Amino acid sequence: MLKITDEEDVGMNEMEYLVIGYGSFGNAICKELKNNDAKFFVIDKNESKIETLKDENFDAIAGDILNDEFLKSIRVPDVVIVVTSDISANIAITEKLRKFYPNIVIFARASNDATKEELEKKGANNVIIPQKISAKFVYDELKRLEKASHAKKLLETIKRTKNRMAIIVHDNPDPDALSSAITLKFIAKSVSVDSDIFYKGNIGHQENRSFVNLLDIDLKKMDESIIDIYDTVAFVDTVPGSNSPTIKSNIIIDHHQKEDILKTDFVLIEQYGSTASIMTHLVQDLDLKLPTEIATALLYGIRSDTLDFTRNTTPEDLTAAAYLYPLANSDLLKQISSSVLSTTTLNIIGEAIRNRVQKGSYLVSNVGFIRDRDSLAQAADFLLKLEGVTTTLIYGIIDGESIYISARTKDVRINIGDVLKDAFKDFGSAGGRNGMAAAQIPLGVFSNVNDKDSLIKLSEEAITKNFFKIVGVEDLDVER
């Protein structure tokens, strides 16, 4: 059964390395690790070298790894890099480490093909011949290994499921969230674990509805009492607390950095342009053959969240897309892309244009009482195309309970997520990234207001005033 968990910071699956031997090659590897902010420590028999390392703020220990008592006294991480200049010692160290720690990964230094073969016999996973490779090559191999370890750990977490797995996406799931969820469901099925995908809000955006219908995605409405029957719970493209604060999580996969994450079994948060890119790389690392429909969904998810590779795009998004392109169905992609604009959305965009208030390049608009939250984002995107506008903020009142806000910017000087947090921290909650953000303000803030017109006017004053104040244009003249 599921229980509420205590909050505490957790590492994002950060790999730690032990470097044994600090000669010239060990020094080069340590510098490469340090340049990439990797977590590592060094062991060498030479105490003067260790003192030098400590002076340079490296974590370092003096000792002989071949001494059983010393070996038992230290903590050995998952990856060990054995690069002393004494190749016979490297062979002995590799043999001892493999005996004591059967499951660790060992990189070991050889001098030629003969010693390379000997090291492999003694248990080295990767053998390094310095004159043939560079320290950067070693680091690249370590990162490849780290990514592969994420996939392995995810699979191990899923395998512990005894009944079914629940996959939870954010309230109003978009193609990135939906494609990532069906991919996780596919990964789970590869180890005979069944799962269901849950969401809490609405799928109002016509593109998202087309996505669900054309790909025949089976979704269930969120019910926290029902979730209790699932012994594994995964959050995809969202985290616990944003939509389900009381649900225990076992898996979290997202591409938005979060300050506080609930303690859980598996966390993978990468600063990519989309969660779909993370899922694609996991599938590659697990060497699974993607069905055409899922490959198509992932490719569309990446394109959608990166605005066709023009927003927050990383090299990992591009390599994921390159892998997916030959696997995807181009006709299906066109069908999803050509979804029509609904009358409701068109009306809301019209209201946003009619009610816009502009100061400098910042535009704010109140669209009043609406039902479709997704239309706010579409209106924010649409008004961002207006000449002279670099930032838009569109808001409306939904279900008579909350004010929802959607913001967009193409101004590289501001982080719109931080702007909304600062503007509305005293009223509600907000979050986002450099180019896009959202906020929610409960109507309880305006509990003393009885009629709709007064509520719209009061919310308009509070939101517009706070936003313009935070971006520093409150003294400029209003344009309409």
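Me: Which residues of α14 are buried?
Reply: The model is a predicted one. Buried here means under 20% relative accessible area. In α14, the residues that count as buried are T345, I348, I349 and A352.

Me: How many degrees of arc around the axis do the buried residues of α14 cover?
Reply: The buried set is T345, I348, I349 and A352. They lie on the same side of α14, because the arc they cover around the axis is only 100 degrees.

Me: Which residues are exposed on the other side of α14?
Reply: Exposed requires over 50% relative accessible area. On the other side of α14, the exposed residues are T343 and R354.

Me: What span should helix α14 have at 1.5 Å a residue?
Reply: Helix α14 runs over residues 343-354, which makes 12 residues.

Me: Near what value is phi of N57?
Reply: N57 sits in the loop between α2 (47-55) and β3 (60-62). N57 counts as exposed because its relative accessibility is 70%. Most residues other than glycine have a negative phi. N57 is not glycine, yet its phi is positive, near 65 degrees.

Me: Where is D287 found, and is D287 buried or exposed?
Reply: Phi of D287 is also a positive value in a residue other than glycine, near 55 degrees. D287 is in the loop between α10 (275-286) and α11 (292-305). Its relative accessibility is 68%, so D287 counts as exposed.

Definitions and conventions. Residues numbered from 1 in each chain as written. Predicted model: local features only at pLDDT ≥ 70, side-chain atom pairs only at ≥ 80, totals over all residues. Heavy atoms only, no water. Helix = DSSP H or I, 4+ residues; strand = E, 2+ residues; numbered from the N terminus. Expected span 1.5 Å × (residues − 1). Buried < 20%, exposed > 50% of the residue type's maximum accessible area, 1.4 Å probe, protein only. Arc of directions from axis to C-beta.
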